[in-house]
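Hello,

Here is the structure I promised to pass on. Please open it alongside this note.

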Amino acid sequence: MISGVLKKVFGSKNERELKRLTPIVQQINALEQETQALSDDQLRAKTKTFKERIDQGASLDELLPEAYAVVREASVRTLKMRHFDVQLIGGIVLHQGKIAEMKTGEGKTLAATLPAYLNALTGRGVHVVTVNDYLAGRDTEWMGSIYRFLGLSVATVVHGLDDSQRQEAYNADITYGTNNEFGFDYLRDNMKFGLESLVQRELHYAIVDEVDSILIDEARTPLIISGPVEHAGDKIYEEVKPQVIKLKQHQDRIIRSMLDNAVKGLEEEGDTDGVLELLLKVKRGDPKNARFLDLIAKETGFKKQLDKLEGQLSTDKLLPQIDQDLLCTVDENQNLVELTEKGLKLIYGGHVDDYIVPDLDEELQKIDENDQLTSMEKRTQRRMAEAFYREASERFHVTRQLIKAYWLFDRDVQYVVKDGQVVIVDEFTGRMMPGRRWSDGLHQAVEAKEGVTVAEENQTLATITFQNYFRMYDKLAGMTGTADTEAPEFKKIYDLDVIAIPTNEQMIRIDYPDVIYKTEVEKFKAVVEEIEELHKNGQPVLVGTISIEKSEKLSRMLSKTRTNHEVLNAKNHEREAEIVAMAGQKGNVTISTNMAGRGTDIVLGEGVKELGGLHILGTERHESRRIDDQLRGRSGRQGDEGSSRFYLSMEDDLLRIFGGERMGSIMARLGMEEGEPIEHGMISKAIENAQRKVEGHNFEIRKQLLKYDDVMNQQREVIYKQRREALSGESLKPDIEEMIRELSETIADRFADEKVLPEEWDWKGLREAASFQFGFHFKIDRATMDGLTRDGLAESIFEFAVKVYEEKEASFGAEEFRGLERMIVLQVVDNLWKENLLAMDHLKEGIGLRGYAQQDPLVVYKREGFAMFTEMVERIKEETVKFLFRVQIARPEEIAAREKAEQDKLVFSHGGEEAKQPVRRSTKKVGRNQPCPCGSGKKYKKCCGK
Ligand code: ADP
Ligand code: MG
């Protein structure tokens, strides 16, 4: 209450922020007349003057009013659009590195030209991030007129450009592109072998359009670049599949009898606890079981009690007891599967031990501490242990993915099978995504399940979350119509404030309350009737659905009643934009998935205003209220007439999975009749709660992802820094000498036991170790040996090694040798980093299992991840020196060929999606058994094709 009063007295924080910007807007407006008086050339010359003033120390804030007045005038002359005052405010907020919430149709594209121009004056580059390639291209062209008029360069990075085109695009003052392009270019740059082939400049300032979509919705999954795995057989899926089918059949049988017993228990009444326990088992073993869903739909009290029981048991750590009768458990919300002990036994025919992934650390330690082994034997055994570990974890991984494929992925819902291919159906837009693949072996698992050809598996070569990518910019800003609800997340994760900017014209759209039907069939019947009614009157209607399946269903129903309509399931954004743009014309019915066509303006056609403007009809509520608001926001732009309403049914996923008990009891209380909708404030509240629950859950997932990526981020920073240093052209000689010194010390530590005379030391072992590390035969004369200390030995080895090293250098020529060093460092770093990424993946996966041991998985991940990383850093030294003392020189053109060959194999994926080769293939594909193009003389698969 009090805060309400205070708000009235002092104004909300948002209002205060806005008020503070008013004088700046007045300043810009005051400059308008004199700016108008300038000739085109004079206006253009302003750019040069501003740049000079920056050179002389002027700050961007000082220049802002003049610069904004100049951009506004340039826009009037080129695009015939004069930035509204609210757009100036938006532009200032963006410059301040905040999020400007501006409703759909307020002209965010134009508002962004102000800060883009101002910040580009520094010459450090500005990135404007869009949700798709089509918009990146459109906005470059559209807004480009302003920038070009003012003498700045502008370009687009899109799918399909080669490196030199990308370099050119990034060298422009202002670069438009999608989040995926920017992120992948960053990762790719950190896989390059020459400074000259880097495409990005520094990450200076980014303006992210539709910022909620990019930094929240898409941030749930990281960007991943992957390449083929050498060892993983695709056969492994085929091998494990029969076992998983067996598992499924057994579990189905178990579930069936549990359900029978539950039904029996219900009829006899009395033993509610027993029934509940049975149902919970069913829920954990097969959450999508139709009979089970029916049962709890009928008995409304059950769902709540089940959730409560599950929560209780989970807190008490008693769930394993519930699960022990099952073979595996499946968590629909978290997309997780877990094998129980029984399941493990079934799959591995009783030989559980063979299957259990060994604790590698422990094994390695055992080997190290075994005095019976020579260092060579230790090394061999270590390699064997690692190979065994790899194989076991791979098998385990494949099994889990297959279980997911069988339990959680349904044909014609998450994917379709078309021409012998498993094609993903996009969760947000419902569109088919040919060519995209689920990562991490899931796609292969679904392929195996469907009996189509299983494609080669890939492993991660580079990965980053959007959170960590965008946090690298010196300054970050964003804009969208819907940010306010997500303000806490923007603040916490990105340190971005949200400022809500008033609309230019008052919003007059009418939002009707939701109506709810008991069944989906009734709902769609009502929807069709409503559409026909609107259509008859000529009022355009945009129908939002949450999946393509629903779009098509509705389309079929409308066709039966001969209602003309467009269905938006075009495969490209351009066509999509075209259809959406027409949605405001008289009599048009457009069916679209909620997210489709974002960024395209719907202008009302002739005579539509009188009919009430564009009507938005939602056929289901999305998990996220923000997405619903986006759909609504398509109508009522710039003070247009408009209206909106959502139709729901009790069978919708949102209500079914997250609605909770409350919803059911409200419905029961209100007395729901067949075919009769309900419209009630309490229901709207309950739905809002359900949405909040899901959003909270999704935020958790993103936070969790980020926590894990933060561990990786520290490692990534170290490695990428090391790579950049290697690339920078500085001599690596001091670093190499340092490595040689450390390695000499290591050997001395191992063999110089000062408690015994030097004669007694294990000289054979020492020479073996030196030969292994440096590839030379270490010799020492008797005289030196007498009275030798540990330090003396280290020094001798070091001197010996440095001598060999310098001879090598001399034989190659110093300059060439520096290049060789650089290449070897890069290659060693890349190879070990790649191994480390794989190991980290496995670690993360394996940690889920240790949850039972009551350890915090994140702590374990951090600790072991750090141990692995330290080990890797040591190995980088070892391997670099080892190679350097052995390997023959490679010429620059061979390096280039090698780099190409590497790039051609890459797969770029984001979340469920993968896209092959955004870079054009410029060399012919090399057969695995053909000679390697790098000229090593080895087969490709044994060399660069590794
Ligand atoms: P948003 O991204 O905020 O939804 P857009 O940038 O797509 O909006 O712009 C919506 C429409 O408004 C476009 O057709 C654009 O031409 C128009 N528009 C934007 N700003 C102005 C302006 N200052 N004067 C006239 N029309 C404008
Ligand atoms: Mg836009």
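Below is what I found in it.

First, the ground rules. This is a predicted model, in which local features need pLDDT of at least 70, side-chain atom pairs count only at pLDDT 80 or more, and totals for chains, interfaces and linings use all residues. Residues are numbered from 1 along each chain as its sequence is written, chains are lettered from A and ligands numbered from 1 in the order in which they are written, and side-chain values use heavy atoms, with hydrogens and water left out.

**The chain overall**

The protein chain holds 38 helices and 23 strands. Both are DSSP runs numbered from the N terminus (helices: H or I, at least four residues; strands: E, at least two). Of its 946 residues, 52% are buried. Buried means under 20% relative accessible area, exposed over 50%, and partly exposed in between (1.4 Å probe, protein chains only). Take the contacts between residues at least 6 apart in sequence: 75% of them join residues at least 24 apart. A contact means heavy atoms within 4.5 Å. The accessible surface is about 43400 Å², and carbon and sulfur atoms account for 50% of it. Accessible areas come from the Shrake-Rupley method with a 1.4 Å probe; for residues, only the protein chains shown count as cover.

**Helix α2**

Helix α2 covers residues 13–30. Its 18 residues reach 27 Å from first C-alpha to last, close to the expected 26 Å. That expected span is 1.5 Å times one less than the number of residues. There is a kink of about 30 degrees at Thr22, shortly before Pro23. The bend is the angle between axes fitted to the seven residues ending at a residue and the seven starting there. Buried in α2 are Glu17, Leu18, Leu21, Val25 and Ile28. They pack against α3, α5, α6 and β14.

**Ligand 1**

Ligand 1 has 16 residues around it. The closest are Arg82, Gln87, Gly105, Thr109 and Asp601. Near here means a heavy atom within 4 Å. Helix α7 (residues 108–111) gives the most to this shell, with three residues. Oxygen atoms of the ligand lie 2.4 Å from a polar side-chain atom of Thr109, 2.9 Å from a side-chain N or O atom of Asp601, and 3.4 Å from a polar backbone atom of Glu106. The protein covers 81% of the 560 Å² of accessible area that ligand 1 has on its own.

Ser644 sits in strand β21 (residues 642–649). Ser644 counts as buried because its relative accessibility is 0%. Its side chain makes a polar contact of 2.5 Å with the side chain of Arg632. A polar contact is a pair of N or O atoms within 3.5 Å; within protein, one must be able to donate a hydrogen and the other to accept it, and residues adjacent in sequence count only if both atoms are side-chain atoms. Beyond four places in sequence, Ser644 also touches others, including Tyr512 and His615.

Asp185 is in helix α11 (residues 179–189). Asp185 is buried, at 1% relative accessible area. Its side chain pairs with that of Arg188 in a polar contact of 3.4 Å.

Gly612 lies in the loop between β19 and β20. Gly612 is partly exposed, at 25%. Gly612 and Ile510 are 102 residues apart in sequence, yet 9.6 Å apart in space, C-alpha to C-alpha.

Best wishes
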